[in-house]
Amino acid sequence: MALSDEPAAGGPEEEAEDETLAFGAALEAFGESAETRALLGRLREVHGGGAEREVALERFRVIMDKYQEQPHLLDPHLEWMMNLLLDIVQDQTSPASLVHLAFKFLYIITKVRGYKTFLRLFPHEVADVEPVLDLVTIQNPKDHEAWETRYMLLLWLSVTCLIPFDFSRLDGNLLTQPGQARMSIMDRILQIAESYLIVSDKARDAAAVLVSRFITRPDVKQSKMAEFLDWSLCNLARSSFQTMQGVITMDGTLQALAQIFKHGKREDCLPYAATVLRCLDGCRLPESNQTLLRKLGVKLVQRLGLTFLKPKVAAWRYQRGCRSLAANLQLLTQGQSEQKPLILTEDDDEDDDVPEGVERVIEQLLVGLKDKDTVVRWSAAKGIGRMAGRLPRALADDVVGSVLDCFSFQETDKAWHGGCLALAELGRRGLLLPSRLVDVVAVILKALTYDEKRGACSVGTNVRDAACYVCWAFARAYEPQELKPFVTAISSALVIAAVFDRDINCRRAASAAFQENVGRQGTFPHGIDILTTADYFAVGNRSNCFLVISVFIAGFPEYTQPMIDHLVTMKISHWDGVIRELAARALHNLAQQAPEFSATQVFPRLLSMTLSPDLHMRHGSILACAEVAYALYKLAAQENRPVTDHLDEQAVQGLKQIHQQLYDRQLYRGLGGQLMRQAVCVLIEKLSLSKMPFRGDTVIDGWQWLINDTLRHLHLISSHSRQQMKDAAVSALAALCSEYYMKEPGEADPAIQEELITQYLAELRNPEEMTRCGFSLALGALPGFLLKGRLQQVLTGLRAVTHTSPEDVSFAESRRDGLKAIASSHILNFRICQTVGVKAGAPDEAVCGENVSQIYCALLGCMDDYTTDSRGDVGTWVRKAAMTSLMDLTLLLARSQPELIEAHTCERIMCCVAQQASEKIDRFRAHAASVFLTLLHFDSPPIPHVPHRGELEKLFPRSDVASVNWSAPSQAFPRITQLLGLPTYRYHVLLGLVVSLGGLTESTIRHSTQSLFEYMKGIQSDPQALGSFSGTLLQIFEDNLLNERVSVPLLKTLDHVLTHGCFDIFTTEEDHPFAVKLLALCKKEIKNSKDIQKLLSGIAVFCEMVQFPGDVRRQALLQLCLLLCHRFPLIRKTTASQVYETLLTYSDVVGADVLDEVVTVLSDTAWDAELAVVREQRNRLCDLLGVPRPQLVPQPGAC
């Protein structure tokens, strides 16, 4: 595996799935031949119904579905599979259920391989006609369980219609008795076909195939074709696509007509074509909402058009000499070139009249190119290509002109997509002459960047994808010399689409088209080099395309400026914010490839766009200005020159004025304000890092105001962009302070320092949580010279933020960010302790012995933050930040002054982190384990005072660190429970395990329970260890009494361990101290409780405690009797049920003389009845069990 040698939990299944996906199209043969033969051989045994039949059917589906992408592998095996199944069908003794099952198997094969291939294998002798016809006749069209049978029989009947004998020879004497005539076979087949063309299942499709084979027979077309076409047109005229039955009827009829005009001879179909076309016009199919009807209408129209025109190969079409890639490459290696083919300029049949209906057909196909569904447009595009191939050159050129009219910006994206498909089809067939390439390439280049905004998203992905298909088709259709004038434009456009398109499908399509052009044309600049980097798989990652691949391609001068131009023109103003940000970062990288072009051409354009009325353009251009300026600064810095050597005075002034211009126009307010704030914060950061000559300028005050105002009003920003805004403002502040607020090296301007620190500390007490978050991180981002002399004050303010008080208990995010500001290495890498460092005796300047204990106290205090709200356990954020901060601070001290790490502090850190590593949230447990192992194995130098270091290194060897997936319960809990054997860690690890064991996730509960049981099994023979463990368990219970987060899972844990006999050794002693104290704690925990889960868990524990002899048993029974009269009926019923089971399990609890009576009372009493009735039975039980009857007291809710 890529990251480790061992798979994660659940890994084998995931790995197997990945392999299936990876090698799904890499099968070499039909590997299940023997299993399939056995499966088909058992059909007679399993056909009767039930599970065996379903298992056999499902297994066969699974086998066949593996070959959906490579169905040709089944070809050598189709014949014997069909023979086995047809033997069942043709066996007169086979019951109907077996025959239907055989046809289901035949249908599954047909679905995978396709009926056209499979159909040829059906028996189609003269002797097969009547048996198949009889089988079809006896079928019930309304039997929805046997539709596969009807479908396959109709297909079988269609292939028998191909016999080369007149059907009348099979009729014999039709007069069986005087006055009674038998229907001819011809009439029977036609009747069946017509009846199945209007059914609602898949048999309708097979009936259309049957009709096309039957009606086009020489002996049938003379007598039946006109009649059937009349019946079909009447059906179409009577049906409406507004009703379901009308849609079904029209679907079957249109399929049949399309198949007839496809398979029938032109001279047979031509007399009826005009009539059918008129009827089709009357149906108004383009107005239908049914995609399939519109597709069939387009298909039928093109078939009618092809019937009007004589079948011929257009003499004027463009023909490329050698279409084989291998032959092309061979010619190139031999230094030969293919001769340009002769293109005929005159059509031999130019004088032929074009039938009247052709114009209407082409018009309808052009309308179909603009249909709202892709399948209809694709069918229309193919129809355009087929029709143009039979037209004279002038008319075909008119068709091309009409297709090019689809590429108007008044047209929708549907028309652009249909136009691209039609152009590809025309080019592929050689019907797009080189003289038209100038116009065609121009529109294709526009289509490659087509993107129209629609509301919150855009349309045009399909247009760009189809444009790539056109480029792919042209590469195969034309000689290199024909495309040579367009190579530069097409290659640049395809590279740009492959690298900068938003959608992965378009990037991959462009990469494939580029590859095809490189292979077929051989004229694309640096084609092989680019393909090696930007192949089909490499362009799958969008960030990689924008930031890595683009830099490589821009290294070739032919592509540099087109790529930069595209980013500035199209992507900087893109509707998707992620694309705008990636485009700005890409410009940063590309500016270093073309600094002069970026500074003189790009930068002025970007500056002019910063005041655009379009919000997206404004946002993207400001980001781009920031990135390009920073890129030019880095180039200048390499030569020890200022950035102003690349940017002229006008550009510098333009950058300085951006903030004021936005402020004056009030563009920081309203819906677009947050985008502007984020962009200008990035601008502030990049210009500060670029050391722009603004020191002492009023623009610095404006920038500072923007940062402060943004942090102060974070709560007004939408939640999905709040974190990004916060990070941008804090990063801007850090860069701004470092560049413009240093008076002397290492010294801050006192006035600015006083103002900033005082203002930011005051904001830490703001009633808005997000404001606290922002200014906490802002304090953490301040450079060291601003913290000098004010460290204690800042730390005190941040410690106050991390402290949980009743009024701000829900402010988990502010506590998290306060911890990050103190010591955590979060994403911005700003934290106070790392900034000021460690220095002895300077509590107001650095971390030292005088303040380190206070910092540790604040961090450790947050390890117990278990705040929950509607979002769940939000305290997780705080605990995670606390752990990270503890690790970073400890490692910092270990590197510089390890003596500051005290033994009790280190012990508490390791114990708290171990507790978190045993809790129930998977990703959080993994983070805690990572922190624990980092502290344990850190060796430069080792962390001092780690408790039980030697034992820990044996339990968690360094070699196993990378291979363990701590987020998987199956791997984490068996390891973490080993810490229970170390006294220092036992309390905290057991506390975490208790919470996990009483959780909700099945896998967490299962693996934590198994691990705990394994540990307890190992200490059963050690009374001292068991006593120590039980004492720790009771101590946890006592410390967390009435703490719902711990007590309820603890009761569930106690139920598990008592049920599994983990404390059986204590049951030999009467009134064992463990049992006595546990009983007392349980009574306190459930007293006056209304928590159903707690009460149910308490019942289970009391029932298990009856196994302890002495007064503990009597008290436990008394508690159970009290619960039998609880106010909640559910509690009463559950108590009775569990006591019943307990008394049967522990037979020595009640004497044998009263056991039957006790059990009868428990089972026969309606415990959810009125309390007065229930109380009488409860008192009777008390007498039988030998416990005192509970007395009523005048307190509400007591039993």
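**Figure 1. Helix α50 passes helix α51 in a left-handed crossing.** A crossing is left-handed if the near helix is turned anticlockwise from the far one by less than a right angle, and right-handed if clockwise. The contact involves Leu1033, Ile1036 and Phe1037 of α50, with Val1046, Leu1050, Leu1051 and Leu1054 on the α51 side. Contact means heavy atoms within 4.5 Å. By class, the contact of α50 with α51 has 7 nonpolar residues, no polar and no charged. Ala, Val, Leu, Ile, Met, Phe, Trp, Tyr, Cys and Pro count as nonpolar; Asp, Glu, Lys and Arg count as charged; the others, Gly among them, count as polar. The axes of α50 (residues 1023-1039) and α51 (residues 1044-1059) come within 9 Å and cross at roughly 150 degrees. The two helices are therefore roughly antiparallel to each other. Angles under 35 degrees count as roughly parallel, over 145 as roughly antiparallel, 65 to 115 as roughly perpendicular and the rest as oblique. Axes are lines fitted to C-alpha atoms, for helices over the stretch in contact, with angles running from 0 to 180 degrees between N-to-C directions. Helices (H or I, at least four residues) and strands (E, at least two) are DSSP runs, numbered from the N terminus.

The model is predicted: local features need pLDDT of at least 70, side-chain atom pairs count only at pLDDT 80 or more, and totals for chains, interfaces and linings use all residues. Residues are numbered from 1 along each chain as its sequence is written, and side-chain values use heavy atoms, with hydrogens and water left out.

**Figure 2. Thr1032 sits in helix α50.** Thr1032 is buried, at 12% relative accessible area. Buried means under 20%, exposed over 50%, partly exposed in between (1.4 Å probe, protein chains only). The Thr1032 side chain reaches the backbone oxygen of Ser1028 at 2.9 Å. Leaving aside residues up to four places away in sequence, Thr1032 touches Arg986, Tyr987 and Leu990.

**Figure 3. Helices α32 and α34 make a left-handed crossing.** The axes of α32 (residues 649-664) and α34 (residues 698-712) come within 10 Å and cross at roughly 55 degrees. That makes α32 oblique to α34. Lys656, His659 and Tyr663 in α32 meet Val699, Gly702, Trp703, Trp705 and Leu706 in α34. The contact of α32 with α34 divides into 5 nonpolar, 2 polar and 1 charged residues.

**Figure 4. The loop between α45 and α46 holds Pro941 and His948.** The helices on either side are α45 (922-937) and α46 (949-955). Ser940 and Pro941 are joined by a cis peptide bond, with omega about -10 degrees. His948 is not a glycine, yet its phi is positive, about 55 degrees. His948 is partly exposed, with a relative accessible area of 24%.

**Figure 5. Arg284 has a positive phi.** The value is near 50 degrees, in a residue other than glycine. Arg284 lies in the loop between α14 (266-283) and α15 (291-308). With 46% relative accessibility, Arg284 counts as partly exposed.

**Figure 6. Glu744 belongs to strand β5.** The strand spans residues 742-744. Glu744 counts as partly exposed, at 46% relative accessibility. Glu744 and Phe785 are 41 residues apart in sequence and 9.7 Å apart in space, C-alpha to C-alpha.

Definitions and conventions: A polar contact is a pair of N or O atoms within 3.5 Å; within protein, one must be able to donate a hydrogen and the other to accept it, and residues adjacent in sequence count only if both atoms are side-chain atoms.
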